[in-house]
Amino acid sequence: MDLFCAFVRVNLFAEKIPRKMLLQVYNLLHSLSRNDRDCDFYHRLVQFIDSYDPPLKGLQEDLNFVSPRIGEVLEAVGPSIFLSADTRKLRNEGFLSPYHPRFPDILTNSAHPMRAQDLANVTSYREWVLLGYLVCPDELLRVTSIDIALVVLKENLVVTLFRDEYIMLHEDYQLYVLPRVLESKKMAKSGRTKQKEADLEYSVAKQVEKMISEVHDQALQLCDTIHRERRILLKQEIGRMVLFFTDQPSLLAPNIQMVFSALALAQSEVLWYFQHAGIASSRSKAARVIPVDIDPNDPTIGFLLDGMDRLCCLVRKYIAAARGYALSYLSSSAGRIRYLMGTPGIVALDLDPTLKGLFQRIVQHLETIPKTQGENVSAITCDLSEFRKDWLSILMIVTSSRSSINIRHLEKATVSTGKEGLLSEGNAAYNWSRCVDEIESQLSKHGSLKKLYFYHQHLTTVFRNTMFGPEGRPQHCCAWLSVASSFPECASLIIPEEVTKFGRDAVLYVESLIESIMGGLEGLINILDSEGGFGALESQLLPEQAAAYLNNASRISAPSMKSPRVVGGGGFTLPGHESYPENNKSIKMLEAAIQRLTNLCSILNDMEPICVINHVFVLREYMRECILANFKRRFVTALQTDNDLQRPSVLESLIRRHMSIVHLAEQHVSMDLTQGIREILLTEAFSGPVSSLHLFEKPAEQQNTGSAVEVVCNWYMDNIIKDVSGAGILFAPRHKYFKSARPVGGYFAESVTDLKELQAFVRIFGGYGVDRLDRMMKVHTAALVNCIETSLRSNRELIEAAAASMHSGDRGERDASIRQIVDLDTVIGFCIEAGEALAFDELLAEASGAVLEDNAALIHSMISGIVEHIPEEVPEKKEIRRIRGVANGNGVSVDHDSEWVRLILEEVGGANDNSWSLLPYFFASFMSSNAWNTTGFNIETGGFSNNIHCLARCISAVIAGSEYVRLQREYQQQHQSLSNGHQSSENLDSEFQPRVTAEASIKSSMLLFVKFAASIVLDSWNEANRSHLVAKLIFLDQLCESSPFLPRSSLESHVPYTILRSIYTQYYSNTPSTPLATASPHHSPSVSLIHASPSMKNATTPRGSGSGSSTAAGADSGYFKGSSSSVYSQEHYNEPETGTSRNNENKSKQRGSSRRSGPLDYSTSHKGGSGSNSTGPSPLPRFAVSRSGPISYKQHN
């Protein structure tokens, strides 16, 4: 029958090929093989093609002689077809159940063993019916044939001819079968036979006509429903079968035939699904095929593929046990067949010698089967093909109409024994013999899905729509992928290009599915890593939100128990709202996503490699790359929001949330995903060769930074340090962060620059990120220092002239020289920007040190201890310099700024000429800039409105760093002269104290700057322009406070501390200072000094007590350990009348030591004049400072 169906298929397929092409191909092949044209058979081929046009007409005529035999065969397979179509019976009576349907405790199902075996061939039986009745339409007039044809036609729309080529079944039945039926009906009506037979034939023909006419509509409506129900049955039965045989593998061998039946039925259903995908049968003859969109959402396909794959794996695993059981069965069947051959019924049949000889050979074959006791079953080789040939010969004889002994005779002769009949035993032996030497081929036949290659596009679509749907199962992935291993088997070996193409398509199919699987894996991770996922579990209220929450909650009444109330207008819900049924969907969604994620990871981790030709796909490696690549994408994406850079703390929380999901998946896989995440973070912070990680000093030409840290560092440089957006960035020393007048991108500057945010930056990018940001700021600061050096050199002559006039006291010449300095305000801007970089780097170092102390406290403690005992020497050894650099980068060093500038100057070769000795004078000239006129001190931030307080950091750091570099260079030059024999090294080392000398030189330079800066400040103010005085004095005071090289009292030598005290009091106090009418012993000396003018102090203070009062004031202020710089001695104010001459005399004596001008004298007659014009004790004035900054002088009566 298979040969018969193949012949029919070939002829039906020929209809799809043009007739001329058939003839041309025949001529071409004949010419190639014989080197000549075929003149003899060519005309016969033409006649054959003509008679088979259309092919069905020729087939019906030529196969008419075998039509009765075909009809008998189709009637014989009818019961099996009816059984396969009755899903209820299959389920209720347990035809595919490994245990008894009505007695589950009986682990062996012997209810329908032979019928269950016969189900393995139902697919072939259906094809026999469809093609048999198509080419032998007269056999439909049998009474039983109508029901058989109706069952099969109702559940099929097409018949596959070759690969994915098919014919429309119902259209061909209506075109070629229905006319023959109508013709038979017409002849029966005409009464060419006996009346009774004519009536019966007419009735049957009429029923067949009605069936063919109506079954088309029934198929269109019901075929999908029928097969869906059958797929659900197979899904359930195969699922139970897999669980049962996994738990009881010893029962697999006795039920191997049933396993093959289940595989064959599942294979048929899967192929039917994809063969009918996109096909609709049209009732009109004009348009025969109308492609329609398939419904690719049937989850049972995945279950069937998975069940078939797992059943095949079980059979392969226990194939030796199945072969051993089959050998045992055949050995025992030999005795039963011999016994049946000796029964009286068989003896009475008097079998002919040929048939008797075949039965004897059957028994001999079975008795010669090797025994399995104590031997390795897999080592037993047994060829039973001769046995099967002899048995088929017996069947052909007893089923022949010319034989005197037919099948019924044999069955009736032996069934009376109460056991299985002879034919039943022989058929069972035939089936079990195939489980000995053909079990692999049987498994390949029933379990192979290689024909799905021709539908692999639909296969991919269905997979994508069902795998991650509501009923999708991650464990089905293996089955969907393993299907591709058999795709290349569909290729024809005589066409090499086809082998290559099929293999390439199989690889592409696997890659497409893997892409979908990994996309689903990413989707599950991203669902959890979202605000509706784990983000909803981390939501916290801000303090102001919590306050609003409590206020609103206290105002409303208690909510009902049925539903939660929304609190007030803030949109907050009451605690416990998650527990209400209408609100727990999100929790269920999270639980489902977590379950799917863990299942998928576990399945992919345990999945065997998928082999397609010479490609091997290891899914666990794809999973690892997918998880890590997804993390990298989300990390890079999270770096920036819609507006601008993401806050480091928010980015860190997002990373931690994603890491928690990765850790969840990591528990179900045998690989270290955390290490991969760390490698990605390292790559985003450092992308150079691994060897560069071990180098302390990185080559300048290598760009080893990762893309992520580059983005973040560039953002900080552009928006905070350089302020390219003009957001008004200010450094707030009091709060240790930068603030902005308007948002920088999506945030204000203070929300991305405070210590917590910088600590988050350090935790994300580690030391390499800190190094990169530090390096970028060093490059930027080096450029600014180079601008300072350029201005210093270009204005050297003017600065030297100003310095000389500062020392000589020539105010006019000094001011004239300073006014001629080019671009003074521009240089101040550069210095302020350098000071901002210094401030930011110190914040970064402090954050880095805090992170190091939290995570590696011993290392932090070690660095702190080492710094305290580093030898003070110049030049420093390379190791000492490295230790200082590490300490400075972690906020451990005492003087961060000067060390940082020193490293910059050493790298760029700065401070290499004598012009740097003019730095104090150059910086002092900044006091005459117009930048002071537009600034004001802000007590909230502890700085100035135009960031000029950063100038103090720059001045202190540049002076100190340049002095270190200069002295180091001098020391190296002296050592170089050593090598020329000028001096012994012992004398040099004993005479030169590098560190002490450097600090003394720095202190001297800083004092020089303070002295001349204060002189310029005090000389430049007047009644018409005094708004800048307060800002300058506070600036100088902050510089003395912040510089480690200046004592806190340095400024008092030049500016009376009483003025600063009054300024700070007015800024930080809510009430103005209390004026003093008279000097009272009840007031503290500091308060007395605030309000006492020099002339009044002379009248009220006993002679010789001025120095003591000044000392007391310094002690009371808390800033001075003891003042030795009191310039207000008793001799300074001898008598009121001669105060002028004394003041002038003391001015000339102290010009080079403390300051040029004497104590301020405030008179009522000459506002803005000096105290030299006073002629007597002036009334007690009140010295006060307005809220806006300028000093005001009021006379009190």
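Which helix is Leu29 found in? Leu29 belongs to helix H2, residues 19-34. The model is a predicted one, in which local features need pLDDT of at least 70 and side-chain atom pairs count only at pLDDT 80 or more, while totals for chains, interfaces and linings use all residues. Residues are numbered from 1 along each chain as its sequence is written, and side-chain values use heavy atoms, with hydrogens and water left out.

- Helices (H or I, at least four residues) and strands (E, at least two) are DSSP runs, numbered from the N terminus.
- Leu29 has a relative accessible area of 52% and is exposed (buried means under 20%, exposed over 50%, partly exposed in between, with a 1.4 Å probe and protein chains only).
- Together with Met21, Val25, Leu28 and Leu32, Leu29 makes a nonpolar surface patch of about 500 Å².
- Patches are made of residues with over 30% relative accessible area and no salt bridge, with like charges joined within 9 Å and nonpolar side chains (Val, Leu, Ile, Met, Phe, Trp, Tyr) within 5 Å.
- A salt bridge is a side-chain nitrogen of Lys or Arg within 4 Å of a carboxyl oxygen of Asp or Glu.
- Accessible areas come from the Shrake-Rupley method with a 1.4 Å probe, and for residues only the protein chains shown count as cover.

**Strands E1 and E2**

- Strand E1 (residues 158-162) has 4 of its 5 residues buried, so it is largely enclosed by the rest of the structure.
- E1 pairs with strand E2 (residues 165-168) in the antiparallel sense, over 4 bridges (pairing requires that DSSP finds at least two bridges between the strands).
- Val159 lies opposite Ile167 of E2.
- The hairpin of E1 and E2 has 2 residues between the strands, and Arg163 takes a positive phi near 55° there.

**Cysteines**

- The whole structure holds 0 disulfides (a disulfide is a pair of cysteine sulfur atoms within 2.5 Å).
- For Cys312, the closest cysteine sulfur is that of Cys313, at 7.0 Å, which is too far for a bond.
- Cys312 is buried, at 4% relative accessibility.
- Cys787 is in no disulfide either, as the nearest cysteine sulfur, in Cys831, is 9.6 Å away.
- Cys787 is partly exposed, with a relative accessible area of 28%.

**Trp916**

- Trp916 sits in the loop between helix H39 (896-908) and helix H40 (919-924).
- With a relative accessible area of 4%, Trp916 is buried.
- Not counting residues up to four places away in sequence, Trp916 touches Val785, Glu789, Leu792, Leu905, Ala911, Val958 and Ser962 (contact means heavy atoms within 4.5 Å).
- Trp916 and Glu963 are 47 residues apart in sequence, and their C-alpha atoms are 8.6 Å apart in space.
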